[in-house]
Amino acid sequence: MTETPVPVLMYHSVATAPNDATRELSVAPEAFTEQMALIGDLGLAPVNTADLAACWRTGRPLPPRPVLVTFDDGYEGVHRHALPVLAKHGFAATVFVSTGWIRGAHDTGGGLDLMLDWDQVRELAAADVEIGGHSHTHPQLDQLDDETLRHELIHSKEIVADELGTVPASFAYPYGYSSRRVRRAVRETGYAQALAVGNDLARRRQGPYALRRVTVRRTTGIEEFERLVEGRAIARTFARDRALTKGYAMVRRARQVRRKAIRSRV
C-alpha cells in the first residue's frame with residue numbers, strides 16, 4: 001500500500017490584535033479566511049485527527065488529498081473567528097485544549113491571552129470540531145516526574161470528559177515535546193493517537209503517537225501556505241526551525257541530566 005503523506009496544519013490563536021505572548025503564532029482572521037478558501041479551491045479534504053489515525057490504523061482509505069486543520073491551547077478566537085469559516089466550508093478540524101487554561105471552574109490562570117470558556121468549547125464540539133487533550137497546565141511533559149506527568153494527562157482527560165460528555169481520543173504534546181516515556185504515558189492514559197510538531201508531513205510510519213505537523217504563523221503568506229498544504233519545499237521552509245530545535249534539544253537534555261543527578265543525591 002502506497003503511503004500518502006498528509007499535511008497537518010498547526011494553528012494557535014486567530015486574532016485581530018493578539019498580545020505579545022501569542023503574536024508570532026497568532027494568525028489574522030483575514031489570513032485564516034484566505035487560507036481556508038485556498039484549501040477549498042485546491043480541492044483538499046479536511047479530516048480530523050481521530051479519522052486520520054483510524055484510517056491508518058485500519059487500512060480504511062482516506063479521502064483524496066486529505067489535510068488536517070488543528071489548533072492548540074484553546075484561544076477564544078478559534079470560536080469567534082475560525083469556527084464560522086470552518087462551518088462555511090464544511091471543514092473538519094481538531095482543537096486541543098489545555099484544560100487549566102480554559103475559562104471556568106478549572107482555570108489555573110495560566111492562559112497566555114483570552115481563552116475559550118467551556119460553553120464555547122461545547123459549541124465547537126456541537127459543530128463537529130474534534131476536541132482533544134493538550135495537558136492541564138501546558139508544561140514540557142518530558143521534564144516532569146512520573147507522578148506529575150500522569151496527573152497532567154489524566155486530570156486533563158477527565159475534565160474534558162466531564163465537561164463534554166465524551167472522552168477525548170486525540171492528544172497534542174505541549175510545545176511538541178515528548179519522549180518514549182511520555183508517549184507511553186499518553187497511550188496508557190487511553191489516547192488513541194497524538195500529534196507532535198516536527199514541521200514535516202505526517203506519515204503512517206511515524207506511528208500513532210508521533211505524527212508530525214507544520215506550523216502556521218502570522219507571517220505565513222498565502223504562497224507559503226499553498227506550498228505547505230501541497231507538501232512542497234517543507235524542509236527548506238523550516239530549515240531554521242529545525243536547526244534551532246536541535247540546538248535547544250541538546251540544552252534540554254543537559255538540564256534533564258542535571259536534574260536526575262540532583263535527585264539521586266537527595
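Predicted model: local features only at pLDDT ≥ 70, side-chain atom pairs only at ≥ 80, totals over all residues.
At the start of helix α5, a side-chain oxygen of Asp145 comes to within 3.2 Å of the backbone nitrogen of Glu147, and I count such a pair as a polar contact when two N or O atoms lie within 3.5 Å, where within protein one must be able to donate a hydrogen and the other to accept it, and residues adjacent in sequence count only if both atoms are side-chain atoms. Residues are numbered from 1 along each chain as its sequence is written, and side-chain values use heavy atoms, with hydrogens and water left out.

Let me stay with α5. Helices (H or I, at least four residues) and strands (E, at least two) are DSSP runs numbered from the N terminus. Just after α5, Gly165 takes a positive phi of about 80°.

Which residues of α5 are buried? They are Leu149, Glu152, Leu153, Ser156, Lys157, Ile159, Val160, Ala161 and Leu164, where buried means under 20% relative accessible area, exposed over 50%, and partly exposed in between, with a 1.4 Å probe and protein chains only. These buried residues pack against β6 (94–97), α4 (118–126), β7 (130–133), β8 (170–172) and α6 (180–189), a contact being heavy atoms within 4.5 Å.

Helix α2, residues 49–58, can be described in the same terms. At its start a side-chain oxygen of Asn48 reaches to within 3.2 Å of the backbone nitrogen of Ala50, and just after α2, Gly59 takes a positive phi of about 85°. Its buried residues are Thr49, Leu52, Ala53, Ala54, Cys55 and Trp56.

Now to the strands, and to β5 in particular. Eight of the eight residues of β5 are buried, so this strand is largely enclosed by the rest of the structure. Two strands pair if DSSP finds at least two bridges between them. By that criterion β1 and β5 run parallel and are joined by four bridges, with Leu9 opposite Val69 in β5. Strand β4, residues 45–47, also pairs with β5 in the parallel sense, over three bridges, and here Val47 stands opposite Leu68. The pairing of β5 with β6 is parallel too, over four bridges, and Asp72 has Phe96 in β6 as its bridge partner.

A nonpolar core is a set of buried Ala, Val, Leu, Ile, Met, Phe, Trp, Tyr and Cys residues joined through side-chain atoms within 4.5 Å. The largest such core has 40 residues, of which Leu9, Tyr11, Phe32, Met36, Ile39 and Phe71 touch the most other members. At least two residues each come from β1 (8–11), α1 (29–41), β5 (66–73), α3 (77–89), β6, α4, α5 and α7 (222–229), and α3 gives the most, with five residues. Apart from this core lies another, of 13 residues, among them Leu153, Phe171, Val186 and Tyr209. Leaving aside residues up to four places away in sequence, Phe32 touches Tyr11, Val14, Val27, Phe71, Ala82, Val85 and Leu86.

Two polar residues deserve a word. Gln120, found in helix α4, is buried, with a relative accessible area of 12%, and its side chain is joined to that of Arg103 by a polar contact of 3.4 Å. Asp200 sits in the loop between β9 (193–198) and β10 (211–215) and is buried, with a relative accessible area of 17%; its side chain makes a polar contact of 3.4 Å with the side chain of Arg212.

Finally, the chain as a whole: it has nine helices and ten strands, and 49% of its 266 residues count as buried.

Key:
Right-handed = clockwise from strand over helix to strand, strands pointing away.
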